[in-house]
Amino acid sequence: MGTEARTVLPAEAPALSGLPALITARALNKVYRTQTGEDVVALRDVGFEMRAGEFVTVVGPSGCGKSTLLKILAGILARSSGSVTLAGRPIEGPSRDVGVVFQAPVLLPWRNVLQNVMLPIDIQKRPRAEAEARARALLRLVGLSGFETKYPGELSGGMQQRVGITRALVHDPALLLMDEPFGALDAMTREQMNLELLRIWTESRKTVMLVTHSIPEAIFLADRVIVMSPRPGRITDILDVDLPRPRDLAMINSARFGEHVARIRAHFQSLGALDA
Amino acid sequence: MSRMRALLRRRPEILLSPLVFVLFVAGWEAAVRGFGIPAIVIPSPSAVLRALVGGILSGELVEHFWVTSAEVILGFTAGASIGFVLGVLVGLFPLLERTIYPYIVAFQTLPKVAIAPIIVIWFGYGIESKIVITATIAFFPVLANTIVGLRAVPRDQVELMVAFTASRWQIFRMARLPQALPYVFVGLDVAIVLAVIGAIVGEFVGSQAGLGYLILQRNFHMDMAGVFAILIILSLMGIGLHLLVNAVQRRVVFWIGSTHDRVMGA
């Protein structure tokens, strides 16, 4: 991991929204060398752009390289070749201007909710006072007001993940990267969290990339869906979702939604890959 | 009264457990008296109790108790500190583990009783040699558990912190070290019990004071009741120290329930 040569972006990047693209990936390749010495192509010739403020989802079956892509954007995994830029600068390591959420909330059990949310502030040594006010406001936004001094062990899975999302937003990053953030939640909670995420996104206007293996979730959340296929991991389609916003759960039953689902599923069926 | 009855129905062991003790002691007393077993083979519980109370009142047991306690606590503190610091260094520098860990394991396989006479020669008949012996026994469980604990941090956790631009040192301080603490306490709990053994072994090998010294002396005089009285004190000392470690653990590692699986217990 190239943590030594990291790109440090200014905390506030006001110029970002003026740029045509926040993220530009060109001819991105990632090759893993396994322990037996074989080369596995995780990503092949991946290229796309993300505009500032856009909500992009990446959908694909297991092994399509979607998590690899996200980790490269997060700067915690080095690419093998190609270029990828964040706000015009090549990504060479983790950036202070990115927030990440993984499938597991990975909260620190000895820190209470507020202290967990403040983790990026502590790591990046940002001023605490204003960050704490922001953390409390974000916790209110995700409906966790009053839980500031509770410990992760006292929270449900859904609540823990909401703490994780709050943590990813507390340092006001330009880009939010989410790797199957609701994959471990039950279906009911998951729908609820999707609605909440859209609400947070609407209010905070972040650029979001969310990786999922659920086709309906990918469509429901996104402005655009990047469809990926495995062996080797590559982009097979980029779909503009023309459903109106704000979205509500009833849209899942609309004809247009069904057409989007059918189009994505057709990609996977033609590849013989099973829909997860 | 009905609450008492409900409690007993739910947890009958709180009555049964003391009952076992009473029956055992009564049976022992009856057997010693009934069969006329000589006191130099098995003393009666009443004789043990007399020796215990007499020894405490005369101050003899108290004096030696403090000597052994000092050896246990100082040796445990030294051994546990060395084990923890070494464990942290090994956790920070994996090369160090590959380089020196084989030697540490080799040292651990050496029976400490076997090297106790050498340590007594080196450090004398006083309290110092007992502290050294106790420390050599107490350090390994803390070292081993610290190393395992520092490895226990989930990969996700590290990746997340790296993504938030955490340095190696920040990841260590904010995630790995706290994550290791429950393991460290398992090691401390094992070490404190071993520390009592270490102190007694050291006193057996060569000493002028302490409960181990007193056991040898009383054994020599065939004062079995007196020896049994010391065994009771040693057992209470072990229980007390174990409870002390547990109490500290509950405060420090407050996020782990007391019923946490102690898989690393030796």
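**View 1. The loop around Pro232(A), with a cis bond in it.** In this predicted model, Pro232(A) sits in the loop that runs between strand S9 (224-229) and strand S10 (234-240) of chain A. Look at the peptide bond from Arg231(A) into Pro232(A): it's cis, with omega near -10°. For context, most peptide bonds are trans.

**View 2. Another cis proline, Pro246(A).** Pro246(A) belongs to the loop between S10 and helix H8 (255-271) of chain A. The bond to check here links Arg245(A) and Pro246(A), and it is cis with omega about 0°.

**View 3. The hairpin of S1(A) and S2(A).** One pair to pick out is Val31(A), which stands opposite Val41(A) in S2(A). Five residues lie between the two strands of this hairpin, and in the turn Gly37(A) takes a positive phi of about 90°. In a regular strand, side chains alternate between the two faces of the sheet.

View 4. Zoom out a bit and S1 and S2 turn up in an open sheet of four strands in chain A, ordered S2-S1-S4-S5 with antiparallel pairing. Which strands stand at the edges? They are S2 and strand S5 (89-90) of chain A; each has a single partner strand, so one side of each is left without a neighbour in the sheet. At the S5(A) end, two bridges connect it to strand S4 (residues 81-86) of chain A, again antiparallel. Within that pairing, Thr85(A) has Pro90(A) in S5(A) as its bridge partner.

**View 5. Two non-glycine residues with positive phi in chain A.** Most residues other than glycine have a negative phi, so these two are worth a close look. Ala27(A) has phi near 50°, a positive value in a residue that isn't glycine, and its place is in strand S1 of chain A. Is Ala27(A) buried, exposed or partly exposed? It has 13 C-beta neighbours inside 10 Å, so it counts as partly exposed. Glu180(A), also not a glycine, shows a positive phi of about 45°. Glu180(A) is found in the loop between strand S7 (175-179) and helix H6 (187-204) of chain A. With 19 other C-beta atoms within 10 Å, Glu180(A) is partly exposed; the buried class takes 20 or more.

**View 6. Chain A as the setting for these close-ups.** Chain A is built from eight helices and ten strands. Its radius of gyration is 18 Å, close to the 19 Å that the globule rule gives for 276 residues, so chain A is as compact as a globular protein of that length. Its C-alpha atoms fill a box of roughly 50 × 45 × 40 Å along the principal axes. Of its 276 residues, 41% count as buried. If you take the contacts in chain A between residues at least 6 apart in sequence, 73% of them join residues at least 24 apart.

**View 7. Helix H2(B), out in the open.** Helix H2 of chain B covers residues 13-35, which is 23 residues, and reaches 32 Å from its first C-alpha to its last, close to the 33 Å expected. How many of the residues of H2(B) are buried? The number is zero, so the helix lies largely in the open.

**View 8. Chain B and its two domains.** Chain B has eleven helices and zero strands. The domain assignment gives domain 1 (1-37) and domain 2 (49-252), and their C-alpha centres lie 34 Å apart. Chain B has a radius of gyration of 23 Å, whereas a compact globule of 266 residues would have one near 18 Å. Along its principal axes, the C-alpha trace spans about 75 × 65 × 30 Å. Some 36% of the 266 residues of chain B count as buried.

**View 9. Where chain B meets chain A.** The contact takes 15 residues from chain B and 22 residues from chain A. On the chain B side, helix H8 (155-163) and helix H9 (168-205) each supply at least two residues. The largest share on that side, seven residues, comes from H8(B). Sorted by type, the chain B residues that touch chain A are ten nonpolar, three polar and two charged.

Note on methods:
Residues numbered from 1 in each chain as written. Chains lettered and ligands numbered in written order. Predicted model: local features only at pLDDT ≥ 70, side-chain atom pairs only at ≥ 80, totals over all residues. Expected span 1.5 Å × (residues − 1). Buried ≥ 20, exposed ≤ 12 C-beta atoms within 10 Å, placed from the backbone. Rg over C-alpha atoms; globule rule 2.2 N^0.38 Å. Contact = placed C-beta atoms within 7 Å. Domains from an automatic or database assignment. Nonpolar A, V, L, I, M, F, W, Y, C, P; charged D, E, K, R; others polar. Pairing = 2+ DSSP bridges.
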